[in-house]
Amino acid sequence: MTKSPVSTSWRTRNDIASRPWSGTLREYDLFKELVVGVVVVGLLVLGLSAVFSSPDDPSVTLKSWAMAQPADFVSTATAELGGTSDTAGYGPPYNSTPDASQKLGPIDLQSLSGVRLPIDTANDFVIGPLRTLPTPPAAIDDWTKASDAQRTAWTAAYTDALSKATDNDPAKVSPGDYGPVPALTSALLAMAQQGALDPVLSAKGSFYNTDYKASILFLGDGSYFPGLADAQHLTGDQWGMMNETGNYPGQSWLWLFSALYQVEPFKSSPNADVLVVFSMVILTLLLTLVPFIPGLRSLPRRIPVHRLIWRDYYKHR
């Protein structure tokens, strides 16, 4: 007895794909659909880009800061010398400032790795760069030979004098015992305005300028850079994001991070950064493990949205 051959054609199998279509038939011009789609989508993209695209602003540098707001630059340089800037008191991984780190409950995550990127703001942002000049200012010797208490007194006095001067202008500061601080900050201002400070802070003795950490921290300690962010609605309480020109995907993926900062308990928590990051880790794990989580992986079958989308197909089944 011979067996009838078994067909391997998908057309003869008893499944959904092999069943004949009983719905409406119509002609379909693929080329026309493609052209219309490309044209319509292209015009839509161009229109939305013109309205909602990020501004193509030039990069913010230490030179542009020093030229635009020299008084703020000098005030920030004074804070770096006195160790009173945000970076000086940031805590790990830059320094060991007590009680500066954020915690997740009793766990001090910020301090787990220790001070891996040590930054001494006075030496790294002011004294060190000034030493690279062909003729370093003589005020450096006065600064290095002074005691810590004397340096603190000088910077505190000069900071107070700057706050009282008209427009915080260093040229309008009243006479006082400021030691070498005015000479150091004015020399650093001149260095920045000439464009020499940017490569010095980013190169750090390397051939290529790839480490912009110091420049960004120095910029962030002043009011000029945060002021630019506020004007573009980019601060934490403004929901703002900007895609940096030429870098894909830019910051569009940060929308969920930004959203969490607007709601409680993140909004008012002193540990907001670590709480937001921890929440995003949990959400990412849930998304990654969807195929392995009972109940969650069954949601597509329990909530048959696909049947609504493909209703013309399923109404004949």
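Student: Is Lys 164 buried or exposed?
Tutor: This is a predicted model, where local features need pLDDT of at least 70, side-chain atom pairs count only at pLDDT 80 or more, and totals for chains, interfaces and linings use all residues. Residues are numbered from 1 along each chain as its sequence is written, and side-chain values use heavy atoms, leaving out hydrogens and water. Buried means under 20% relative accessible area, exposed over 50%, and partly exposed in between (1.4 Å probe, protein chains only). Lys 164 has a relative accessible area of 65%, so it is exposed.

Student: Which residue forms a salt bridge with Lys 164?
Tutor: A salt bridge needs a side-chain nitrogen of Lys or Arg within 4 Å of a carboxyl oxygen of Asp or Glu. The closest N and O atoms here are 3.2 Å apart, and the partner of Lys 164 is Asp 160.

Student: Is Asp 148 buried or exposed?
Tutor: Asp 148 meets Arg 151 in a salt bridge (3.4 Å, N to O). Arg 151 is partly exposed, at 21% relative accessible area. Asp 148 reaches 57%, so it is exposed.

Student: How many salt bridges does a search of the whole structure find?
Tutor: One of them joins Asp 211 and Lys 213, with closest N and O atoms 3.1 Å apart. Searching the whole structure gives a total of 3.
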